Amino acid sequence: MKNKEKSANSQFSAGVSFQANGDARFVSQNVRDIGSQFKAKMSRMANSPASSREGFAYEYIDAIDQQFNLGGGYKVEVPDINGKNSPDILIKSRSSGNLVKEQQLKLNSRTADNAANSGAYGKQEIRTPKGQTRKPTNSKVKESNVSTSEVSKGAKNPHQANSKYQFKAAMAEIANAAAIGAITGAVAATLMSSLVHFLAVERGEMEIDHAIAAVFINTIEGAVIGSASGGLFAAIPAFIPALIPVLNIISVPLLTVGAFQLVNQVGEIIDRHTFAKRNAVLEEVHRQDAAFFESFDQQVMAYLQS
């Protein structure tokens with residue numbers, strides 16, 4: 001790939017990946033929001049009993065974990081307690097805002113079983129941390145992905161627990177953008193390279209097997225360029241969220257400029273192909289004319305010498 005094509009591909013991939021990475025960016029943002037609530041809650045409860053701190057730590061850590069695993073289609077919330085049976089976690093559809101699930105979290109299996117049997121929480125799902133010696137016996141009790149040891153560590157060091165999930169969400173956001181960038185870059189590179197090399201085959205300048213190999217290499221190169229561009233561009237908002245509005249504005253012209261440059265490259269390729277074919281026709285006509293006049297001259301000389 002030429003430098004201009006690489007630059008256009010890079011800009012186009014970065015713009016596309018940023019625009020298409022909204023769900024992963026939302027997950028990362030909501031993980032940060034829940035984490036901020038978590039740290040503030042633990043700070044206010046610094047002098048509370050360990051069991052109380054662990055109970056709230058479980059709510060926030062499990063909410064962060066669920067947001068990370070559910071993806072951008074859902075929004076996980078930890079509402080303030082406004083009643084005895086109020087839910088600990090709410091899961092809503094991000095697109096419609098409709099409530100999908102209410103959850104009540106209990107620190108141990110026995111309490112969770114009793115809560116499920118009592119029916120006091122209505123349709124709320126009862127959840128308990130995993131890794132306990134006594135497993136829940138009630139089918140209505142669901143085991144969390146978060147373990148009892150994670151809850152205990154989170155209550156003692158909320159900053160560390162929060163940082164771990166924020167880093168995971170940021171890495172997932174970057175990886176998702178890199179994957180989108182790789183696909184975009186590969187598609188753009190394949191189209192450009194196919195146009196260049198298969199037109200060369202049509203002109204008789206290249207064998208078909210060499211053209212296929214060249215397109216394959218360019219596709220890999222385009223995927224690498226697109227992945228790097230998308231990942232690097234996504235890394236900025238993943239670690240500096242304050243820049244998201246600015247980058248959201250920048251990404252649109254970046255996408256547009258990259259697309260324009262690629263289209264312009266297509267025009268140049270077609271122009272070069274047309275020029276080469278016209279030159280080939282002119283050269284063939286010239287060759288035929290030269291051969292005719294050379295033959296004519298030979299016939300005249302032969303006549304004069306006879």
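Student: Is arginine 53 buried or exposed, and what is its relative accessible area?

Tutor: This is a predicted model, and every value here is computed from it. Arginine 53 lies in helix H3. A residue counts as buried when its relative accessible area is under 20%. Arginine 53 is therefore classed as buried, with a relative accessible area of 13%.

Student: Which backbone oxygen lies 2.4 Å from a polar atom of the side chain of arginine 53?

Tutor: Leaving aside residues up to four places away in sequence, arginine 53 touches Met42, Met45, Ala46, Ser48 and Ala155. For methionine 45, the backbone oxygen lies 3.1 Å from a polar atom of the arginine 53 side chain. The backbone oxygen at 2.4 Å is that of alanine 155.

Student: What distance separates the C-alpha atoms of arginine 53 and lysine 41?

Tutor: These two residues are 12 residues apart along the chain. Their C-alpha atoms are separated by 8.9 Å.

Student: How far does helix H3 reach from its first C-alpha to its last?

Tutor: Helix H3 covers residues 50-70, which is 21 residues. At 1.5 Å a residue, a span of 30 Å is expected. Just after H3, glycine 71 takes a positive phi of about 85°.

Student: Why are H3 and helix H6 described as roughly parallel, and at what angle do their axes cross?

Tutor: The axes of H3 and H6 (residues 158-202) come within 11 Å. The contact is made by Ile61, Ile64, Asp65 and Phe68 of H3 together with Ala161, Asn162, Tyr165, Lys168, Ala169 and Ala172 of H6. Angles under 35 degrees count as roughly parallel. The two helices therefore fall in that class, their axes crossing at roughly 5°.

Student: In what order do the 5 strands of the open sheet stand, and which strands are at the edges?

Tutor: The order is S1-S2-S3-S4-S5, with mixed pairing. Strand S1 (74-77) and strand S5 (141-147) each have a single partner strand, so one side of each lacks a neighbour in the sheet. Neighbouring strands are turned by 30° against each other on average, direction ignored. The edge strands are S1 and S5.

Student: How many of the residues of S2 are buried?

Tutor: S2 (residues 89-93) pairs with S1 in the antiparallel sense over 4 bridges, and lysine 75 stands opposite lysine 92 in S2. S2 also pairs in the antiparallel sense with strand S3 (residues 99-105), over 4 bridges. S2 is largely enclosed by the rest of the structure, because the buried residues number 4 of the 5.

Student: Which glycine in the turn between S2 and S3 has a positive phi?

Tutor: S2 and S3 form a hairpin with 5 residues between them.

Student: Which backbone oxygen lies 2.7 Å from a polar atom of the side chain of glutamine 124?

Tutor: Glutamine 124 is in the loop between H4 and S4. Its relative accessibility is 10%, so glutamine 124 counts as buried. Among the residues that glutamine 124 touches are Ser86, Pro87 and Glu102. The backbone oxygen in question belongs to asparagine 85.

Definitions and conventions:
Residues numbered from 1 in each chain as written. Predicted model: local features only at pLDDT ≥ 70, side-chain atom pairs only at ≥ 80, totals over all residues. Heavy atoms only, no water. Pairing = 2+ DSSP bridges. Axes fitted to C-alpha atoms, helices over the stretch in contact; angles between N-to-C directions. Buried < 20%, exposed > 50% of the residue type's maximum accessible area, 1.4 Å probe, protein only. Expected span 1.5 Å × (residues − 1). Polar contact = N/O pair within 3.5 Å; in protein donor to acceptor, adjacent residues only side chain to side chain. Contact = heavy atoms within 4.5 Å. Parallel < 35°, antiparallel > 145°, perpendicular 65-115°, else oblique.
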